[in-house]
Amino acid sequence: MKTLTVGEKAPLFSLLDENENTVNLNDYIGKKRVLVYFYPKAMTPGCTTQAQNLRDAKAALDEHETVVFGISPDEPKRLAKFCQRDELNFTLLSDVDHKIADDFGVWGLKKFMGKEYDGIHRISFLIGLDGNIEHVFNKFKTKEHHQVVLDVLDSLS
């Protein structure tokens with residue numbers, strides 16, 4: 001697993017959102033910063049905490065002209081349930097074949113309760129107006145993720 005680093009070009013993607021509409025990263029390049037956050041599975045405790053805090057931080061993220069995309073290997077129907085249940089106000093994207101996770105370098109071997117398996121590592125990327133990675137968030141607690149992102153956005157302003 002080779003995770004993208006600051007300064008590298010973000011891989012362009014087209015993925016289905018929770019409403020089965022296609023979302024293209026290229027539509028945002030040059031217009032807004034993009035926070036792409038990868039998470040393992042919709043509606044699990046850590047993923048829920050992370051999503052709810054990003055939801056609650058939307059006004060602050062908007063002030064920084066930053067759009068949020070949460071990406072997981074879940075099907076769009078599960079993402080729709082997650083959005084509805086938690087009243088999420090940002091877009092969730094379905095990466096069922098984990099191609100985009102591979103492109104960003106966040107799909108790889110994980111260990112949990114003594115078992116090893118392949119899955120998404122909880123890593124986020126801030127993509128600048130030029131389409132390059134401005135910051136990689138790979139060491140954070142789910143409940144603090146939103147604040148870590150806002151602190152970096154504040155420092156970039």
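Which residues make the nonpolar surface patch of about 380 Å²? The patch is made by Phe-112, Met-113 and Tyr-117. Patches are built from residues with over 30% relative accessible area and no salt bridge, where like charges are joined within 9 Å and nonpolar side chains (Val, Leu, Ile, Met, Phe, Trp, Tyr) within 5 Å. A salt bridge is a side-chain nitrogen of Lys or Arg within 4 Å of a carboxyl oxygen of Asp or Glu.

The model is predicted; local features need pLDDT of at least 70 and side-chain atom pairs count only at pLDDT 80 or more, while totals for chains, interfaces and linings use all residues. Residues are numbered from 1 along each chain as its sequence is written, and side-chain values use heavy atoms, with hydrogens and water left out.

Phe-112 belongs to strand β6 (residues 107–112); helices (H or I, at least four residues) and strands (E, at least two) are DSSP runs numbered from the N terminus. Phe-112 counts as exposed because its relative accessibility is 53%. Exposed means over 50% relative accessible area, buried under 20%, and partly exposed in between (1.4 Å probe, protein chains only).

Helix α3 spans residues 76–86, and its buried residues are Pro-76, Leu-79, Phe-82, Cys-83 and Asp-86. They lie on the same side of α3 because they cover an arc of only 115 degrees around the axis, the arc being that of the directions from the helix axis to the C-beta atoms. Lys-77, Lys-81 and Gln-84 are exposed on the face of α3 turned away from the buried side. Packing of the buried α3 residues is against β1 (14–17), α1 (45–56), β4 (66–72) and β5 (91–94). Glu-87 follows α3 and has a positive phi, near 50 degrees.

The count of disulfides (pairs of cysteine sulfur atoms within 2.5 Å) is 0. The closest cysteine sulfur to that of Cys-47 is in Cys-83, 13 Å away, and therefore too far for a bond. Cys-47 is buried, with a relative accessible area of 1%, and Cys-83 is also buried, at 10%.

Val-23 is placed in strand β2 (residues 22–24). With a relative accessibility of 9%, Val-23 counts as buried. Its contacts (heavy atoms within 4.5 Å), leaving aside neighbours within four places in sequence, are with Phe-13, Ser-14, Leu-15, Asp-17, Tyr-28, Phe-69, Thr-91 and Leu-93. Phe-13 and Val-23 are 10 residues apart along the chain, and their C-alpha atoms are separated by 8.0 Å.

How values were computed. Accessible areas come from the Shrake-Rupley method with a 1.4 Å probe; for residues, only the protein chains shown count as cover.
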